[in-house]
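Please look through the sequence and the model shown here before reading the report.

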Amino acid sequence: MTDHAPNEARVIPLRPGPAAPGPPAPPAAAPREPLWRHLVGDVLRRERQAQERTLKDVADAARISMPYLSEVERGLKEASSEVLAAAAGALGLGLGDLLARTHAELVRVTSRRSAVPARSVRNGSVRNGSVRNGSAHDGLCLAA
């Protein structure tokens, strides 16, 4: 038998732990993923400005309020697909065009970043691993 209490999980490390005991070093701050609403807003604003149109002109053509369109462009509002289609249509774009341009912007923005380790702890969660008490464990948990 083993020394641990019944109904208690054991963690069996897959790799040796750090050599020196002590508090783990804080994880490197990973760059934040851009939010879709920010990217869509940037694309809409750039297209509107490229056409040398005012916010009021595009809002009227899209039949949405000018303050709301302004908030969408600044990434403050998560617009519905109907609103995005209307704004895109007012700019002479289809919804697919807007989404394709936004996707291209996402790829451009994220490809400029340096590679981040796959295992990064963020707010008590870990990518490709597990977390216990806010710290990552390289191990296997066996439960009976």
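The report below goes from the overall layout to the helix contacts and then to single residues.

## Basis of the model

This is a predicted model, in which local features need pLDDT of at least 70 and side-chain atom pairs count only at pLDDT 80 or more, while totals for chains, interfaces and linings use all residues. Residues are numbered from 1 along each chain as its sequence is written, and side-chain values use heavy atoms, with hydrogens and water left out.

## Overall layout

The protein holds 5 helices and 6 strands, where helices (H or I, at least four residues) and strands (E, at least two) are DSSP runs numbered from the N terminus. Read from the N terminus, the order of the elements is β-α-α-α-α-α-β-β-β-β-β.

Of the 144 residues in the protein, 22% are buried; buried means under 20% relative accessible area, exposed means over 50%, and partly exposed lies in between, with a 1.4 Å probe and protein chains only. Among contacts between residues at least 6 apart in sequence, 64% join residues at least 24 apart, a contact being heavy atoms within 4.5 Å.

## Helix 1 against helix 5

Helix 1 (residues 36-50) packs against helix 5 (residues 95-111) at an angle of about 115°, and their axes are 9 Å apart. Axes are lines fitted to C-alpha atoms, for helices over the stretch in contact, and angles run from 0 to 180 degrees between N-to-C directions. The two helices are therefore roughly perpendicular to each other, given that angles under 35 degrees count as roughly parallel, over 145 as roughly antiparallel, 65 to 115 as roughly perpendicular and the rest as oblique.

From helix 1, the residues W36, L39, V40, V43, L44, R46 and E47 meet L98, L99, R101, T102, H103, E105, L106 and V109 of helix 5. The residues of this contact divide into 9 nonpolar, 2 polar and 4 charged, where Ala, Val, Leu, Ile, Met, Phe, Trp, Tyr, Cys and Pro count as nonpolar, Asp, Glu, Lys and Arg as charged, and the others, Gly among them, as polar.

## Helix 3 and its surroundings

Helix 2 and helix 3 pack at an angle of about 110°, with axes 9 Å apart, which makes helix 2 roughly perpendicular to helix 3. On the helix 2 side the contact is made by L55, K56, V58 and A59, and on the helix 3 side by M66, L69, S70 and E73. These residues divide into 5 nonpolar, 1 polar and 2 charged.

In helix 3 (residues 66-73), the buried residues are L69, S70, V72 and E73. They cover an arc of only 160° around the axis, and so lie on the same side of helix 3; the arc is that of the directions from the helix axis to the C-beta atoms. Helix 1, helix 2 (55-62) and helix 4 are among what covers these buried residues.

## Single residues

V83 lies in helix 4 (residues 81-90) and counts as buried, because its relative accessibility is 17%. Leaving aside residues up to four places away in sequence, V83 touches I64 and Y68.

Most residues other than glycine have a negative phi. E52, in the loop between helix 1 and helix 2, has a positive phi of about 55° although it is not a glycine, and E52 is exposed at 74% relative accessibility. R63, in the loop between helix 2 and helix 3, is likewise not a glycine and has a positive phi of about 60°; R63 is exposed, with a relative accessible area of 78%.
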